Amino acid sequence: MKIKIFITTVLSVSMCGVLFAQNPKLPEKVQNVTVKDLDGKATQIPQFGEKNLLIFYIDPDKHKQNEAFTYELEANGRAAGENIMGLGIINLKDAPMVPNALARSLAKKRTEKNGATVLADETGAVRDSWKLGDCNNMFVLLVVSKEGELVYCKKGELSNADKEEFYEFIQAYR
């Protein structure tokens, strides 16, 4: 009986460690990082430190994860405002089977339709510098305040409750 309790305790503590390693402690001060634009030129994240940033950090292997939510955001404007800028960053580091040029080309086609700003992270600079943990095969929804603090991070498929929580949260940053 004591062994079962011990094993259960060890597994619970281990799982908590995994969960904490997966999600950064917030708020977390972060720095602007160098990524690439869709033409492959080095650039930094625009408006960093000037506006609140709503960032979709997306593994191209899972580009359709939360796709309906991103279209919903575009249509309903519930996250729009003069104090916030939305952009996408393609997490190419975690998608070695997707050629970088192909991912950038596909992103260009979408941005031609919606005018969105999309960048490419080929080295994992965002993930590593901001201590995001494992982002492989995940849609990661981030909010960075104009003070340079990562204040929101949600990974994976968003539930309806996650979406409502986000809509409530983002109001203070619009």
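## Overall make-up

Of the 174 residues in the protein chain, 40% are buried. The structure is a predicted model, and its pLDDT averages 88 over the protein chain. A score of at least 70 is reached by 87% of the residues.

The secondary structure consists of five helices and eight strands. Read from the N terminus, these elements follow the order α-β-β-β-β-α-β-α-β-α-β-β-α. Contacts between residues at least 6 apart in sequence can be sorted by their separation: 74% of them join residues at least 24 apart.

## The N-terminal part

Residues 1-21 call for caution in reading the model, as their pLDDT stays under 50. For this stretch the model has two contacts beyond four places in sequence. Helix H1 is assigned to residues 2-22.

The loop between helix H1 and strand S1 contains Pro 27. The peptide bond that leads from Leu 26 to Pro 27 is cis, and its omega is near -5°. Strand S1 itself covers residues 28-29.

## Strand S8 and its partners

Strand S8 spans residues 149-155 and is mostly covered, with five of its seven residues buried. Which strands pair with S8? One of them is S1, which pairs with S8 in the antiparallel sense over two bridges. Within this pairing, Lys 29 has Glu 149 of S8 as its bridge partner.

Strand S7, made up of residues 139-144, also pairs with S8 in the antiparallel sense, here over five bridges. Leu 142 has Cys 153 in S8 as its bridge partner. S7 and S8 form a hairpin with four residues between the strands. In this hairpin, Gly 148 takes a positive phi near 80°.

## Two loop residues with positive phi

Positive phi values also occur in residues other than glycine, including Gln 47, whose phi is near 65°. Gln 47 belongs to the loop that lies between strand S3 (42-44) and strand S4 (52-58). Is Gln 47 buried or partly exposed? Its relative accessible area is 30%, so Gln 47 is partly exposed.

Asn 137 is a residue other than glycine with a positive phi, near 60°. Its place is the loop between helix H4 (125-129) and strand S7. Because its relative accessible area is 34%, Asn 137 counts as partly exposed.

## The packing of helices H2 and H5

How do helices H2 and H5 pack? Helix H2 comprises residues 67-76 and helix H5 comprises residues 160-170. The two helices pack at an angle of about 35°, and their axes are 13 Å apart. The crossing of H2 and H5 is right-handed.

On the H2 side, the residues in contact are Phe 69, Glu 72, Leu 73 and Asn 76. These meet Lys 163, Phe 166 and Tyr 167 of H5. Sorted by class, the contact of H2 with H5 comprises four nonpolar residues, one polar residue and two charged residues.

Key:
Residues numbered from 1 in each chain as written. Predicted model: local features only at pLDDT ≥ 70, side-chain atom pairs only at ≥ 80, totals over all residues. Heavy atoms only, no water. pLDDT = per-residue confidence, 0-100. Contact = heavy atoms within 4.5 Å. Axes fitted to C-alpha atoms, helices over the stretch in contact; angles between N-to-C directions. Left-handed = near helix turned anticlockwise from the far one by under 90°. Nonpolar A, V, L, I, M, F, W, Y, C, P; charged D, E, K, R; others polar. Buried < 20%, exposed > 50% of the residue type's maximum accessible area, 1.4 Å probe, protein only. Pairing = 2+ DSSP bridges.
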